[in-house]
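Subject: Structure handover

Hello,

Here is the structure you asked about. Please open it alongside this note.

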Amino acid sequence: MCERQRIAGVLRKCSKNLLFGQGSQTHGGVVKMGFELDLMLNNDLIDMYGKCGRMDLACAVFDGMLERNVVSWTSLMCGYLQNSNAIKSLLLFRQMGSSEIKPNEFTLSTNLKASGILGIIKNGMQIHGVCAKTGFEWVPAVANSIIDMYSKCGRISEAARLFNIMPVRDLISWNAMIAGYALEGIGDRALLLFRKMQEQGEVPDEFTYTSTLKACSVLGAMREGSQMHASLITRGFPCSVQTTIAGALVDMYAKCRNLFKAHRVFDQIELKNVISWSALILGYAQQGNLPEAMDLFRQLRENQHQVDGFILSGLMGVFADFALVEQGKQMHAYNIKVTSGLDILVANSMVDMYLKCGLTEEAERLFSEMPVRNVISWTVMITGYGKHGLGKEAICLFNKMQLDNIEPDDVTYLAVLSACSHSGLIDECQEYFSRLCSDRRIKPRIEHYACMVDLLGRAGRLKEAKNLIESMPLKPNVGIWQTLISACRVHGDLDMGREVGDILLRMDGNNPVNYVMVSNIFADAGYWKECEKIRKTVRIKGLKKEAALSW
């Protein structure tokens, strides 16, 4: 029995320190000593092989076991998850459900995490149901995993509902909820929760600060971000060696457009990782300082850092926004030389860059040569066709995408609707809008309705457009009414323009753009008194329209 415990200790050490060679030798010893059917040692072998990235050997051990317990199943699931195969973990969880073995808190947490990684809300909700039935819902580790799963699947309200009724919260609970709000772009709630957790006696750790700094980046809240930086210093966090926090600080200052402070924090980092390089390079690039961005990019390569797809994709995005086609082509050439040139994220950005620069043939060639395409790849091409007025080509691509078994998401539908609208393809646009409304996976957003209003407005079907706004299940925003009033002006419909104008001014009475749109309706119709009345209101309120400018 002592020998068995000694072997278990060795396997656990190999697992912890990723010692595959020593672990496989120990496996040989297990077989020689006649322990090959020992449940505990087999579980340790599965864990060791999984941690060392050898899932083939972990599966071989699992398949050869005559007896398995919940640890056996969970260890293999964890191995799949650690090796970026969340689908296999969920399939194994389903297979385990057919056995007599019942899941424990670790089994449930692992597969909730897998559901979150894949963004499969249906699976996550089913596992949540199992947690509720078995009483594991309020075990802190499981409850935290449920919150994390809902956040990653874009169901932040469900995550918040569970967080608010949790009988016991630990630091991980707060971190999961703050990270969820930051991920969803609801930065103000993340900051509120950060303050509240400290009021309740919780001490933030590096994960808390990283998520909260991300929230500051989303909001552009440099004052709060600077306060957090000061808090890190007073609490003794070694930012110069804590690469995750340092990268978040650089990103926060860069997003808040304070590149001087971003660069100062960057210079203080002892071991710079690709995240901090990315944040600073893209910060300079997005503010139009391309010489500095490219100089940093050169330094990054000289320091023999692996240039990841995120940096390349981000730079491509900047070149696309500024229509810098020559720089884009140079980066394309660089991409071909490095392994990350095959990264789908980079390939998508390159296609987008060529389309935004008007080089549709180059975009088509690159798109056709991509070894793997995802929904973003197809959406980028459809969007590009739409912006160039190639509505029929966009429709053809949308149909081809579905033949390739790629399901469109809400952004893809928006792209094809917009393409149809810009090309005046009324029947096709109505057909795709009808498909969207009947697709149970996707809820139409206000932007989808705005596309239909734009289409009907361009065609002069103003009453239909207004009826659509009034009957849609979503609350109309200012933008959709602005779309309709623009159509009223084009078609000279003063009565409806006056009606929509009143709605706009009630909804957003401090926006000078709305007054300009309403006054233009009256001016075009020759109603100069009403036009002057609107302009007088603008002067009394002290509103000023930002002057237009051109390159």
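Among contacts in the protein between residues at least 6 apart in sequence, what percentage join residues at least 24 apart? The figure is 60%. Please keep in mind that this is a predicted model.

**Overall picture**

The protein has 551 residues, and 46% of them count as buried. Its secondary structure comprises 32 helices and 0 strands. The C-alpha trace spans about 100 × 55 × 50 Å along the principal axes. The accessible surface is about 28100 Å². Carbon and sulfur atoms account for 54% of that surface.

On charge, there are 61 positive and 58 negative charges. Their mean positions lie 3 Å apart.

**Aromatic pairs**

The structure holds 9 aromatic pairs. One of them joins F62 and W73. This pair is edge-to-face, with 5.0 Å from centre to centre and 80° between the planes. F62 belongs to helix α4 (residues 55–63) and W73 to helix α5 (residues 70–82), so the pair ties together parts that are 11 residues apart in sequence.

Are these two residues buried or exposed? F62 has a relative accessible area of 3%, so F62 is buried. W73 is at 5% relative accessibility and therefore counts as buried too. The cut-off for buried is under 20%.

F367 and W378 also form an edge-to-face pair. Here the centres are 5.1 Å apart and the planes 85° apart. F367 sits in helix α22 (residues 360–369). W378 sits in helix α23 (residues 375–387). F367 counts as buried, at 6% relative accessibility. W378 is buried as well, with a relative accessible area of 1%.

There is also an aromatic cluster. Which residues form it? They are F398, Y413 and Y432.

**Charges over rings**

F62 comes up again here. The charged end of R68 sits over the F62 ring, 4.0 Å from the ring centre. So on F62 you have both the edge-to-face pairing with W73 and the charged end of R68 over the ring.

A charged end also sits over the ring of F163. It belongs to R169, and the distance to the ring centre is 4.3 Å.

**Where to look**

When you open the model, start with F62, W73 and R68. Then go to F367 and W378. After that, see the cluster of F398, Y413 and Y432. Finish with R169 over F163.

Best wishes

Technical notes. Residues are numbered from 1 along each chain as its sequence is written. This is a predicted model: local features need pLDDT of at least 70, side-chain atom pairs count only at pLDDT 80 or more; totals for chains, interfaces and linings use all residues. Side-chain values use heavy atoms; hydrogens and water are left out. Helices (H or I, at least four residues) and strands (E, at least two) are DSSP runs, numbered from the N terminus. Buried means under 20% relative accessible area, exposed over 50%, partly exposed in between (1.4 Å probe, protein chains only). Contact means heavy atoms within 4.5 Å. Accessible areas come from the Shrake-Rupley method with a 1.4 Å probe; for residues, only the protein chains shown count as cover. Lys and Arg count as positive and Asp and Glu as negative; His and the chain ends are not counted. The place of a charge is taken as NZ of Lys, CZ of Arg, CG of Asp or CD of Glu. Rings of Phe, Tyr and Trp (its six-membered ring) pair if their centres lie within 6.5 Å; planes under 30 degrees apart count as stacked, over 60 as edge-to-face and the rest as tilted. A charge sits over a ring if NZ of Lys or CZ of Arg is within 6 Å of the ring centre and within 35 degrees of the ring normal.
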